[in-house]
Protein chains: 2
Amino acid sequence: MAVPLDLSTEQKILEAAKKVFIQKGLDGARLDEIASEAGINKALLHYYFRSKENLFETIFDQMIAKIVPDFTAIVESSKTIEEKIEHFVHRYIDFVSENPQLPVFLITEVNRNPERMKDILGQTKNFAKMQQFAFQMITEMQVGRIKSFNPLHLILNIISLCVFPFIAKPILQAVLQIKDDDLSIILHQRKEEVSLFLREALRP
Amino acid sequence: MAVPLDLSTEQKILEAAKKVFIQKGLDGARLDEIASEAGINKALLHYYFRSKENLFETIFDQMIAKIVPDFTAIVESSKTIEEKIEHFVHRYIDFVSENPQLPVFLITEVNRNPERMKDILGQTKNFAKMQQFAFQMITEMQVGRIKSFNPLHLILNIISLCVFPFIAKPILQAVLQIKDDDLSIILHQRKEEVSLFLREALRP
DNA sequence: TAAGTTTTTAACTAAAAAGTTAAATTTTAT
DNA sequence: ATAAAATTTAACTTTTTAGTTAAAAACTTA
């Protein structure tokens with residue numbers, strides 16, 4: 001008896017749904033479009049996932065897990081706090097560069113329905129890891145190796161500097177009146193620019 | 001002959017539309033909801049604005065004009081660059097605090113339809129003013145009054161630090177597992193925190 | 001081959017929403 | 001008072017979309 005597990009088809013649907021939902025949002029996405037994007041039909045969509053909402057939540061949960069920064073590796077290494085921050089900035093900007101539509105998608109949908117977040121992050125260990133990271137910061141601040149800041153705000157600052165320009169991309173493009181490629185160059189520079197900026201701010 | 005200018009009704013419609021569009025987006029907004037929010041009916045909506053798209057664009061243009069930072073006053077004053085930045089940070093965070101849904105609304109809609117921006121900002125003098133601001137920065141950098149950075153990235157950094165935490169509000173709330181009020185306190189602290197952070201980064 | 005599973009085809013229903021209209025009523029300005 | 005303008009009422013059309021279904025075809029595997 002074949003359990004209904006043709007992962008390749010389920011995967012095709014998930015990929016297509018991801019693409020369409022990220023582009024158009026929950027309201028804007030059309031099941032027919034997802035189906036044709038996956039190279040199948042609506043009936044088969046219904047065969048695998050019973051409803052649009054169902055499909056959306058599967059995608060949404062995956063995306064949240066991807067974008068909430070994973071401090072685990074960073075906290076565990078034995079580098080200085082500056083090296084860790086630099087490492088984080090590089091990794092996170094790389095990640096956002098490769099998934100440029102993710103932040104806007106999540107922010108849009110979470111704002112439209114904040115309830116959705118409530119359940120998801122409750123169990124993860126992200127907050128604990130973040131606190132651990134904050135404690136390391138405080139230690140190095142007290143020793144005088146870096147300037148003293150409120151650690152929560154410092155973490156917020158780091159993430160803001162990494163993510164926001166990618167979120168504001170089309171607005172930036174209009175204000176600066178430049179083409180896609182030119183903006184990409186600017187955004188690519190940010191890895192070094194943000195690292196430098198943070199280094200200077202933290203210099204004791 | 002009374003010209004069709006009962007501004008009070010037109011204004012009521014615009015206010016209602018602003019509220020609903022900002023909350024639900026173009027796709028999610030319902031004309032019936034806008035009408036009842038304005039205390040009128042759909043027919044009158046049609047009497048003033050011919051279509052949903054028409055109404056939306058009126059709102060959208062207003063919102064864009066509001067959120068793109070106005071450097072005019074700042075550029076013109078005779079303060080030091082640090083004072084100007086501090087002034088800007090305070091004013092912009094105040095503005096975002098008072099209009100917390102604006103950034104998400106604009107980012108969502110611009111991402112969904114980047115064409116919309118193209119026309120709007122073409123004629124404004126924002127870019128010129130921004131360049132003027134950048135030149136002032138460069139001058140003070142060369143004199144050694146502040147640390148040298150790429151001025152475009154510096155402006156991006158300032159705006160990122162001001163806006164992003166407000167955009168990410170519901171995600172933050174979920175990650176930190178705190179209530180609305182507690183997050184508001186944290187966000188309120190940012191005016192001072194961001195000012196301090198920028199001062200430290202720019203210290204020669 | 002035979003049974004079970006996956007996929008397509010091709011309809012269809014029900015609901016929601018935008019857009020439209022015409023006629024009646026109310027308000028405003030002259 | 002009366003003409004013009006604003007507003008309501010209430011119905012209607014059209015379009016779009018999610019959701020559903022049944023039957024046939026194709027594929028998989030024992």
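This is a predicted model: local features need pLDDT of at least 70, side-chain atom pairs count only at pLDDT 80 or more; totals for chains, interfaces and linings use all residues.

Residues are numbered from 1 along each chain as its sequence is written, and chains are lettered from A, and ligands numbered from 1, in the order in which they are written.

Chain A has 12 helices and zero strands, where helices (H or I, at least four residues) and strands (E, at least two) are DSSP runs numbered from the N terminus. Its C-alpha atoms fill a box of roughly 65 × 45 × 30 Å along the principal axes. Of the 204 residues of chain A, 33% count as buried, a residue being buried if 20 or more other C-beta atoms, placed from the backbone, lie within 10 Å of its own.

Chain A and chain B each give 43 residues to the contact between them, two residues being in contact if their C-beta atoms, placed from the backbone, lie within 7 Å. On the side of chain A that touches chain B, the elements giving two or more residues include helix 1 (7-28) and helix 12 (180-202) of chain A, but helix 10 of chain A gives the most, with 10 residues. The residues of this side divide into 25 nonpolar, 11 polar and seven charged; Ala, Val, Leu, Ile, Met, Phe, Trp, Tyr, Cys and Pro count as nonpolar, Asp, Glu, Lys and Arg as charged, and the others, Gly among them, as polar.

In chain B, helix 7 (residues 102-112) is mostly covered, with 10 of its 11 residues buried, among them B:Phe105 and B:Glu109.

Notes
A residue is buried if 20 or more other C-beta atoms lie within 10 Å of its own, exposed if 12 or fewer, and partly exposed in between; C-beta atoms are placed from the backbone.
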